[in-house]
Amino acid sequence: HTLPTVLEGLHFKVRVDNMSRACSHQFVRGRIGWAYNQESQGPESIVERDVTLPYIMHSDPEIRALAEELAAKSSELYQLCVDRGVAYQFARYIALEGSQTNIYTVISFPAFRGLMNNRTCLSTADEINIAARLMRVEVLKYLPELEPYLHQGCDRTSKCSLVDNMFPCCGKY
């Protein structure tokens with residue numbers, strides 16, 4: 001039930017492109033065992049970046065259309081600010097949380113294991129769930145012997161550990 005000490009020395013370098021700012025903010029919550037670099041909306045224009053919508057919003061035609069309109073207006077306002085000399089670090093305040101960014105991270109194995117434990121549950125947001133699962137797939141390509149350590153917490157205990165009304169149990173157990 002304990003993590004072998006030698007595994008604590010493992011670190012992974014991960015790059016995720018086109019992740020929403022909302023999702024990247026969930027990633028940076030892992031403070032111990034993580035080192036981050038995020039391409040925020042700095043000198044590069046957010047006008048060129050796409051916006052990510054959760055499936056439940058994207059699948060509703062009315063919501064999707066309004067979101068696309070809002071994203072276009074946000075990009076238009078951002079560009080107007082930049083054109084009028086507003087510094088990038090101030091202009092990005094109007095960027096939507098769904099604006100895409102890229103992250104680079106170095107993550108220790110214990111922190112990665114925690115990510116798998118907490119973010120691969122079906123009750124988490126789709127984007128971070130998918131990103132975490134894809135990271136797991138990539139790690140296991142090179143180190144398949146780590147597979148027993150990289151599961152949801154409920155897979156080890158056969159009991160859901162989520163008791164939060166905001167993120168209810170996915171119903172697996």
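In what order do the elements of the protein chain run from the N terminus on? And at what angle do α5 and α6 pack?

Guide: From the N terminus, the order is β-α-β-α-α-α-β-α-α-α. That comes to 7 helices and 3 strands. Helices (H or I, at least four residues) and strands (E, at least two) are DSSP runs, numbered from the N terminus.

A word on the basis. This is a predicted model, in which local features need pLDDT of at least 70 and side-chain atom pairs count only at pLDDT 80 or more, while totals for chains, interfaces and linings use all residues. Residues are numbered from 1 along each chain as its sequence is written, and side-chain values use heavy atoms, with hydrogens and water left out.

Helix α5 covers residues 109–119, and α6 covers 126–142. Two packed helices are described by the angle between their axes and the distance between the axes. Here the angle is about 135°, and the axes lie 10 Å apart. Axes are lines fitted to C-alpha atoms, for helices over the stretch in contact, and angles run from 0 to 180 degrees between N-to-C directions. The two helices are therefore oblique to each other. For the cut-offs, under 35 degrees is roughly parallel, over 145 roughly antiparallel, 65 to 115 roughly perpendicular, and the rest oblique. α5 passes α6 in a left-handed crossing. That term applies if the near helix is turned anticlockwise from the far one by less than a right angle; clockwise makes it right-handed.

Next, the residues that meet. From α5 come Phe112, Leu115, Met116 and Arg119. From α6 come Ile128, Asn129, Ala132, Met135, Arg136 and Val139. Contact means heavy atoms within 4.5 Å.

Take Ala132 on the α6 side. Ala132 is buried, with a relative accessible area of 0%. Buried means under 20% relative accessible area, exposed means over 50%, and partly exposed is in between (1.4 Å probe, protein chains only). Leaving aside neighbours within four places in sequence, Ala132 is in contact with Leu115, Met116, Arg119 and Thr120. Cys121 is 11 residues from Ala132 in sequence, and their C-alpha atoms are 9.9 Å apart.

Leu115 answers from α5. Beyond the neighbours within four places in sequence, Leu115 is in contact with Ala132 and Met135, and also with Phe27, Trp34 and Thr120.

A loop residue joins in. Leu150 is found between α6 and α7 (153–157). Leu150 is buried too, with a relative accessible area of 1%. Not counting residues up to four places away in sequence, Leu150 touches Phe109, Phe112, Arg113 and Met116, plus Arg136, Val139 and Leu140. Leu150 and Phe109 are 41 residues apart along the chain, but their C-alpha atoms are separated by 9.7 Å.

In soluble globular proteins, nonpolar side chains tend to be buried together. A nonpolar core is a set of buried Ala, Val, Leu, Ile, Met, Phe, Trp, Tyr and Cys residues joined through side-chain atoms within 4.5 Å. The largest one holds 23 residues, and Phe12, Phe27, Phe112, Leu115, Leu146 and Leu150 touch the most other members. At least two residues each come from β1, α1 (21–27), β3, α5 and α6. α6 gives the most, with 6 residues.

Strand β3 (residues 100–108) is mostly covered, with 7 of its 9 residues buried. Strand β1 (residues 11–20) pairs with β3 in the antiparallel sense over 8 bridges. Two strands pair if DSSP finds at least two bridges between them. Within this pairing, Arg15 stands opposite Tyr104. Tyr104 lies in β3 and counts as partly exposed at 25% relative accessibility. Tyr104 and Val16 are 88 residues apart in sequence and 6.6 Å apart in space, C-alpha to C-alpha. β1 also holds Asn18. Its phi is near 65°, a positive value in a residue other than glycine.

Last, the whole chain. Buried residues make up 35% of its 173 residues. Of contacts between residues at least 6 apart in sequence, 72% join residues at least 24 apart.
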